[in-house]
Amino acid sequence: MKGLIAAGGSATRLEELTRVTNKHLLPVGRWPMVYYPLQLLQRAGVREVLLVTGQQHAGQFIDLLGNGRLHSRAGDEALFDLDLSYKVQVEPGGIAQVVGMARDFAAGDQLVVCLGDNIFEQSQADAIRSWSKGALVFVKDVPDPENFGVVVYGDDGKVTDVVEKAGRVDTRYDAPPSSDAVVGLYCYPPDVFEIIDGLEPSNRGELEITDVNRVYAHRGELDVRRVEGWWHDGGKHWGDLADVGRLIEETGANK
């Protein structure tokens, strides 16, 4: 089992904070944001990790993270002990494109994908370690499902489909069929790359991770687990970064 961190994007919603740096390098609590997904992967038992970012900030990530074996500046705390490598996404092409870039790195192994701006109270380690076949995604009940990709359940409670922003992007549904939003933590078997090879770009010109998840759902091979604890998407608004930093101080992260 190997890990992938998607850490690209221009993050224009964070305005001046990301004019000259990548959002995943911004401070959240006492750590840069990217530390949290790296810690999550390590706690799930992943040792080898590929980080994909844009060309403009790749050097900053290397300067910060090095080879993935990192101690605190005081020297008394081992932050990570990972085998970390890097790839550059020259032009934005969607999360599914980023996953496709990990084909050689995965080398036939299962792949755990975490978006670099997703932070979790619990590491979801037990769920990831117990995953054995098909694809696995994590969901969280949200008050605004129209702004997310959400899962569709059949009468038997099994996942039958995944809908991206119902009524706006996916017009098959006028309204979201559930409030279970798919968060930025995905587990894929080796055949994910074959699925990505068959994707067509969306109307925004990108390869969408929702389309990957939909293929597994239609096959009956998509398992869903509910996120334990709180979950936060750190790329929405600059004010959220301070709020989640305080939350981490109160509850901890990746427990």
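How many residues lie between β11 and β12 in their hairpin, and which residue in the turn has a positive phi? I will come to that after a word on the model, which is predicted, so that local features need pLDDT of at least 70 and side-chain atom pairs count only at pLDDT 80 or more, while totals for chains, interfaces and linings use all residues. Residues are numbered from 1 along each chain as its sequence is written, and side-chain values use heavy atoms, with hydrogens and water left out.

To answer the opening question, five residues separate β11 and β12 in the hairpin, and Gly-157 in the turn has a positive phi of about 85°. Helices and strands here are DSSP runs, numbered from the N terminus, with at least four residues of H or I for a helix and at least two of E for a strand. Strand β11 covers residues 149-153, and four of its five residues are buried, so the strand is largely enclosed by the rest of the structure; buried means under 20% relative accessible area, exposed over 50%, and partly exposed in between, with a 1.4 Å probe and protein chains only. β11 pairs with strand β12, residues 159-164, in the antiparallel sense over five bridges, where pairing requires that DSSP finds at least two bridges between the strands. Within that pairing, Val-152 has Asp-161 of β12 as its bridge partner.

Let me now step back to the whole chain. Its secondary structure comes to eight helices and 15 strands. The radius of gyration is 17 Å, close to the 18 Å that the globule rule gives for 255 residues, so the chain is as compact as a globular protein of that length; the radius is taken over C-alpha atoms, and the rule is 2.2 Å times the number of residues to the power 0.38. Of the 255 residues, 53% count as buried. Among contacts with a separation of 6 or more, 71% are between residues 24 or more positions apart, a contact being heavy atoms within 4.5 Å.

Leaving aside residues up to four places away in sequence, Asn-213 touches Val-137, Val-162, Val-182, Tyr-186, Tyr-188 and Leu-222.

Turning to the aromatic residues, rings of Phe, Tyr and Trp (its six-membered ring) pair if their centres lie within 6.5 Å, and planes under 30 degrees apart count as stacked, over 60 as edge-to-face and the rest as tilted. By this rule the count comes to seven aromatic pairs. In one of them, Trp-31 and Tyr-36 have ring centres 5.3 Å apart and planes at 40°, so the pair is tilted.

Finally, two residues call for a look at the backbone. Most residues other than glycine have a negative phi. Ala-107, however, has a positive phi of about 50°, and this residue is found in the loop between α4 (103-106) and β8 (111-115). Asn-254, in the segment after α8 (238-251), also has a positive phi, near 55°.
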